[in-house]
Amino acid sequence: MRIEPLTAAHADAVLAIYQAGIDFGHATFETRVPSWQEWDAAHLPAHRFVAVDGDDVLGWVALSPVSARAVYRGVAEVSVYVAAEARGRGVGRALLEAVIASSEADGVWTLQAGIFPENTASLALHRACGFRVVGVRERLGRDVRRGWRDVVLLERRSAVAGVD
């Protein structure tokens, strides 16, 4: 397995893995996969990676800005998705470590993630990569399939990107 920058050439595989996450039911409030143009516009170009094995995309990670306000320029939301057949092989950890390194090198001081409490594997992965639970946002959103959902808010503060 190798980690490489995510490009438009990976679009079909990235969106297919995203669709599987939607189908899983505990990865996102989204109910449809966006077009590649929508996905591309929503994620920071310098902070998106894929894990590949040969020609197979095993998973992806990308950062999204949390706000356009200058005061939040160093805060980003992380999304990480691993193909079902690649889970348990260290793919998620390798992807998170890659995006942590790229974000810190670029001056991002806080990464945040919102994870459903039922997604215990994702919660454990984020904790293993230095994220801490900030709190639980109760009944934050209404899932069309499951009703009201809580979201665990996690963050990782950079030790090198200028946060005192």
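What radius of gyration would a compact globule with 164 residues have, and what does the chain have? Such a globule would be near 15 Å, and the chain has 15 Å, which agrees. The radius is taken over C-alpha atoms, and the globule rule is 2.2 Å times the number of residues to the power 0.38. This is a predicted model, in which local features need pLDDT of at least 70, side-chain atom pairs count only at pLDDT 80 or more, and totals for chains, interfaces and linings use all residues. Residues are numbered from 1 along each chain as its sequence is written, and side-chain values use heavy atoms, with hydrogens and water left out.

**Overall build**

- The chain holds four helices and seven strands. Both are DSSP runs numbered from the N terminus: helices are H or I with at least four residues, strands are E with at least two.
- Read from the N terminus, the order of elements is β-α-α-β-β-β-α-β-α-β-β.
- Along the principal axes, the C-alpha atoms fill a box of roughly 40 × 40 × 30 Å.
- Contacts here are heavy atoms within 4.5 Å. Of the contacts with a separation of 6 or more, 61% join residues 24 or more positions apart.

**Surface and charge**

- The accessible surface is about 8600 Å². Carbon and sulfur atoms own 50% of that surface. Areas come from the Shrake-Rupley method with a 1.4 Å probe, and for residues only the protein chains shown count as cover.
- Buried residues make up 46% of the 164 residues. Buried means under 20% relative accessible area, exposed means over 50%, and partly exposed lies in between (1.4 Å probe, protein chains only).
- The chain has 18 positive and 20 negative charges, and their mean positions are 7 Å apart. Lys and Arg count as positive, Asp and Glu as negative; His and the chain ends are not counted. Each charge is placed at NZ of Lys, CZ of Arg, CG of Asp or CD of Glu.

**The nonpolar core**

- The largest nonpolar core has 43 residues. Such a core is a set of buried Ala, Val, Leu, Ile, Met, Phe, Trp, Tyr and Cys residues joined through side-chain atoms within 4.5 Å.
- The residues with the most contacts inside this core are Trp-39, Trp-60, Val-61, Val-78, Leu-96 and Phe-131.
- Leaving aside residues up to four places away in sequence, Val-61 touches His-47, Arg-48, Phe-49, Val-78, Ser-79, Val-80, Leu-95, Leu-96 and Val-99.

**Helix α1: Ile-17**

- Ile-17 sits in helix α1 (residues 11-24). Its relative accessibility is 8%, so Ile-17 counts as buried.
- Beyond residues up to four places away in sequence, the contacts of Ile-17 are Val-57, Leu-58, Gly-59, Trp-60, Tyr-81, Val-82 and Ala-83.
- Ile-17 and Leu-58 are 41 residues apart in sequence, with 8.3 Å from C-alpha to C-alpha.

- Trp-39 lies in helix α2 (residues 36-42). Trp-39 is buried, with a relative accessible area of 2%.
- Trp-39 touches Leu-6, Val-14, Leu-15, Tyr-18, Pro-34, Arg-48, Trp-60 and Ala-62, not counting residues up to four places away in sequence.
- Between the C-alpha atoms of Trp-39 and Val-160 there are 29 Å, at 121 residues apart along the chain.
- Ala-41 is also found in helix α2, but Ala-41 is exposed, with a relative accessible area of 70%.
- The C-alpha atoms of Ala-41 and Ser-64 are separated by 9.3 Å, at 23 residues apart along the chain.

**Loop and strand sites**

- Gly-90 lies in the loop between β4 (75-82) and α3 (91-105). Its relative accessible area is 39%, so Gly-90 is partly exposed.
- Gly-90 and Met-1 are 89 residues apart along the chain, and their C-alpha atoms are separated by 9.6 Å.
- Arg-139 is part of strand β6 (residues 132-143). Arg-139 is exposed, with a relative accessible area of 52%.
- Phi of Arg-139 is near 45 degrees, a positive value in a residue other than glycine.
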